[in-house]
Amino acid sequence: MRPLPENPEAFTDQIAELTERHLNPGLAKVLRFAGLGVEWYAEGCYIWDAQGRKFLDCLGGYGMFALGHRHPKVVEAVKRQLDAMPMPSKIMFNAPQAQLAERLAQLLPGDLQYSFFCNSGTEAVEGAIKVARKATGRLKMISTIGSYHGKTMGSLSASGREVYRKPFDPLLPGFVHVPFGDADAVAQQMDEQTAGVIVEPIQGEGGIRIPPDDYLPRLRALCDRYGALLVIDEVQTGLGRTGKWWGVDHSGVRPDVVTLAKSLGGGVLPIGSFSARADIWEEMFHENPLLHTSTFGGNELACVAGLATLQTLEEDGLVENAQRVGEKLLRGLRQVQAEYPDFIQEVRGRGLMIGVEFHEADFGELTITNMIQRGVIAAYTLNNPKVIRMEPPLILSEADAEFALQVFAESVVSARELVQMVLG
Ligand SMILES: Cc1ncc(COP(=O)(O)O)c(C=O)c1O
């Protein structure tokens, strides 16, 4: 652990003030209200703030920390690359990028031979939308209500929550949004003008919503019938989060395009990607290999982080760990729900992608504040404030899971007591 600042309280106040003055006043107020300090040091599943307080990270950077914080294998790979060639010339062959694309082609579901690397999830989705339009020569995209695909203009057009979309209208033309999990609704919208359907295998920010088993297979069949592309957004569900390598693995569906980001950089560097079949890539790039580019995309540092991440997930059996520890966490959370059904509506999830739905958003918020006070970080899902998400690192041990459960149970009791006191 690195030494704390000389005067931790004054330092914390100063950073909070700078955040309020130069970054985001509203967000600074929320963080202060929740009693959150300045992040200072992180290792494995834990984060320390500048006052030396230790937190179990059950938010996992919105699902970014599959390997926890500063995984030694990723840090080591990045340090080695830093001393050789951190950023690409963009004119020569780039070895880590080519090797990472090969590895993804081997691991991704279906026959997704080609990849493009970018720097975030939203960029990955932007690329996927362009691919769908270019490869089909069509405009219409079907997306789902409550979905989250990012906040740049293209991916925001796909995202399914009005509160983030409305202030920026008009967005991209051609997007329609249908209820998630409802294949009939997709069938009603599907036609010969449809370029693609974009969907998360489990809606993450929509509130950890799991669709019916036949949902993705039915979307696959519809896309096949109409010649549209099935774009699966695995930015949050990918890389073992759900207890299988890919969110679609629970359904056996083979997508046409897959987007990744978050965990791909091992929690050390930002990287995103979109991948597709060879025939689709041909349609995208055959006239102009520079049709889609990014200065930082595919940089060596991020790609070696990606390679080390894939290797670590495999070697350390982290997908299996996510499944095993996830089941334990899910069981424990369901026990708490069964004790307080007037407070918690439902607990659901797969692997270490778990959502706890409260009857009121305020109940969840109070529970989160209590959890933070007791040393566990959690947050609600962006498109569904009634749901607390538990997305800890996939390296989570059983002991860590027990600690999280104990804190959750105590926090629910405290939050519920407070609500009962206020309501009388
Ligand atoms: C499914 C999904 N797609 C895309 C994104 C956007 O990723 P980013 O925040 O890296 O732009 C997110 C972010 O939460 C996501 O959950």
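Student: Which residues does Ala 128 touch, leaving out those up to four places away in sequence?

Tutor: Ala 128 touches Ile 198, Val 231, Val 257, Thr 259 and Phe 274. Two residues are in contact if their C-beta atoms, placed from the backbone, lie within 7 Å. This is a predicted model, where local features need pLDDT of at least 70 and side-chain atom pairs count only at pLDDT 80 or more, while totals for chains, interfaces and linings use all residues. Residues are numbered from 1 along each chain as its sequence is written.

Student: Which residues touch the most other members of the largest nonpolar core?

Tutor: They are Ala 128, Ala 132, Val 197, Leu 229, Val 257, Ala 305 and Ala 378, out of 111 residues in that core. A nonpolar core is a set of buried Ala, Val, Leu, Ile, Met, Phe, Trp, Tyr and Cys residues joined through C-beta atoms within 7 Å. Helix 12 gives the largest share of this core, eight residues.

Student: Why is this core said to lie between domain 1 and domain 2?

Tutor: Because domain 1 (8-63 + 317-423) and domain 2 (72-315) both give residues to the core, it lies between them. The domain bounds come from an automatic or database domain assignment. The centres of the two domains, taken over C-alpha atoms, are 27 Å apart, and their contact takes 23 residues from domain 1 and 23 residues from domain 2.

Student: What covers the buried residues of helix 12?

Tutor: The cover includes helix 4 (72-82), helix 5 (95-107), strand 4 (114-118) and helix 13. Among the buried residues of helix 12 are Leu 301, Val 304 and Ala 305.

Student: Why is Phe 175 called buried?

Tutor: A residue is buried if 20 or more other C-beta atoms lie within 10 Å of its own, exposed if 12 or fewer, and partly exposed in between, with C-beta atoms placed from the backbone. Phe 175 has 20 such neighbours inside 10 Å, so Phe 175 counts as buried. Phe 175 is found in strand 6 (residues 175-178). Leaving aside neighbours within four places in sequence, Phe 175 is in contact with Met 141, Ser 143, Ser 157 and Ala 158.

Conventions:
Helices (H or I, at least four residues) and strands (E, at least two) are DSSP runs, numbered from the N terminus.
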